[in-house]
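Dear colleague,

I am handing over the structure below, and would be grateful if you could look through it alongside the notes that follow.

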Amino acid sequence: MKKYIAALDQGTTSSRTILFDRKGQIVAKAMQEFPQVYPKPGWVEHDPRDIVESQIESFRKALLAGGISLQDICAIGVANQRETVVVWDRFTGKPVYNAIVWQCRRTSAICERIKEKHAEMIYQRTGLPVDAYFSASKIQWILDNVPFARRRAEKGDLFFGTIDTYLIWRLTGGKTFATDYSNASRTMLFNIHTLQWDEELCALFNVPRGMLPKVMPSGADYGKTDPSILGAEIPICAAVGDQQSALFGQLCVKPGDVKNTYGTGCFLLMNTGDQPICSQNGLITTLTASLKKPDYALEGSVFVAGAVVQWLRDGLGFLSTAAESEALALSVEDTDGVSVVPAFVGLGAPHWDSECRGLISGITRGTTRAHIVRAALESVALQTFDVVHAMEQDLHVNISRLCVDGGASANQFLMQFQADILGAEVLRPKVMETTALGAAYLAGLYCGYFSSLEELCGNVGQATVFFPHMEEAFRAEKLRRWEEALNRTMYRTEL
Ligand code: ADP
């Protein structure tokens, strides 16, 4: 019996491989960064070759780190950065252009035009607001701007894929051209109710239907790796968007289960079961990871979370490591009235203000870097509070437990403040690499390495729980100040 499942976690700035054992524990991991390409302000690209090569390199390094042989890998699961677009020649395998990354804003004008007439119809079918963030307008841009691309696409020579599709196509030597429901639901071409590509949306974004991959459940048969690429034939048994993977990795598989990932940004997802919920509060409806028909989730994204700590470190020089923020924040009793709103690129859910920019308010002569660091960490939890509150309003429920993960969830001060400000329990699992874990669970369940969800639940181990204990008056005052700082951030005068 083979011993391990390999999760390939293809992220925005790095490709990682984590090997898990039968208990869902990490036995080895490796990471390989790759270059970010910024051709113009607001444009973000990756070279698709870098994505594939860095992923293969991290796989090799993980095997080496664990002293594990290829023969011991039972199956592969892929979790990936979502929405990013690759268009390539199906015969030569050559991408016609760099991958256009989810962060890239080049198609804002296309989206503004489409929004005017079609926003409601698109939201009803895809669960998404019309925005450059999603894949559709990026595919359109490539077909309209790369010489001969449209003609080649119409002839049937080009394929489109999100990163899962392209990576799997490459790893299988061009044999598998497929994606999963969770990734398809971020393209803005997929009807989340019929679970089909939507002909009308394809026509609206001018994307030939023949370019689109087959859509399957996240845990499914995605073919075998080509021996000339990884050195052996290994079954690929899962493909899943990173945030849905983390939701599954946290075993949030029942309606009402919620998780929040604290990475560069924050991504809060709630499983809403077989009911797609229409948000009145700026949240997105999306499809979850599954081994059969997917469920629905409500999702809210905060653009800047852990990234504010990076800014304190690299931009202001207040810290030498991100982890230092915790001790510094705890070196003062409170922020002493200082608020930080890290709206570096505007604000995401639930405010959706792409024009506003950040601020620090309430500073006095007595303000020190410790107050500012503390206020910055609090801003991560306060932004999360706003998304949780929006979710509670959409669903008419009270969220009393939040499962957390991601790099910044290592910060004890932040997690305690999160519990306090939400008035809810915050649960941090033992294995914080939940994105990779979700892909490993899905692949392992599909190929029979894991027997059932119950087995996985039994393996999880003791989570760290943060209980709320902030005084109500103090909490109300914190929220009032935050609201005031947010209003100032979004306030504009006509010049
Ligand atoms: P991503 O997957 O988006 O790259 P990660 O989950 O790896 O993000 O988390 C990295 C982010 O978390 C960085 O923005 C970093 O500043 C922040 N971070 C890491 N450790 C801490 C910490 N102890 N306290 C606060 N922030 C942290």
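Two strands are said to pair if DSSP finds at least two bridges between them, and the elements named here are DSSP runs numbered from the N terminus, with helices being H or I of at least four residues and strands E of at least two. The model is a predicted one, in which local features need pLDDT of at least 70 and side-chain atom pairs count only at pLDDT 80 or more, while totals for chains, interfaces and linings use all residues. Residues are numbered from 1 along each chain as its sequence is written, and side-chain values use heavy atoms, with hydrogens and water left out.

With those terms in place, Cys-403 stands opposite Leu-427 in β21. Strand β20 (residues 401–405) pairs with β21 (residues 425–428) in the parallel sense, over three bridges. Both strands belong to an open sheet of seven, ordered β16-β17-β15-β14-β20-β21-β22, in which the pairing is mixed. Because β16 (284–287) and β22 (464–466) stand at the edges with a single partner strand each, one side of each is left without a neighbour in the sheet. From one strand to the next the twist averages 30°, where axes are lines fitted to C-alpha atoms, for helices over the stretch in contact, and angles run from 0 to 180 degrees between N-to-C directions. Helix α13 (residues 412–422) lies across β14 (258–262), β20, β21 and β22, and runs at about 150° to β21; contact here means heavy atoms within 4.5 Å.

Among the polar contacts (pairs of N or O atoms within 3.5 Å), a polar side-chain atom of Thr-264 lies 2.7 Å from an oxygen atom of the ligand, a backbone N or O atom of Gly-407 lies 2.8 Å from a ligand oxygen, and a polar backbone atom of Gly-306 is 3.0 Å from an oxygen atom of the ligand. Taken alone the ligand exposes 580 Å², and the protein buries 69% of that, with areas from the Shrake-Rupley method and a 1.4 Å probe.

The peptide bond from Ala-349 to Pro-350 is cis, with omega near -5°, and Pro-350 lies in the loop between β18 (339–341) and β19 (359–361). Asn-206, in the loop between α7 (199–204) and β12 (214–216), has a positive phi, near 60°, in a residue other than glycine.

Notes:
A polar contact is a pair of N or O atoms within 3.5 Å; within protein, one must be able to donate a hydrogen and the other to accept it, and residues adjacent in sequence count only if both atoms are side-chain atoms.
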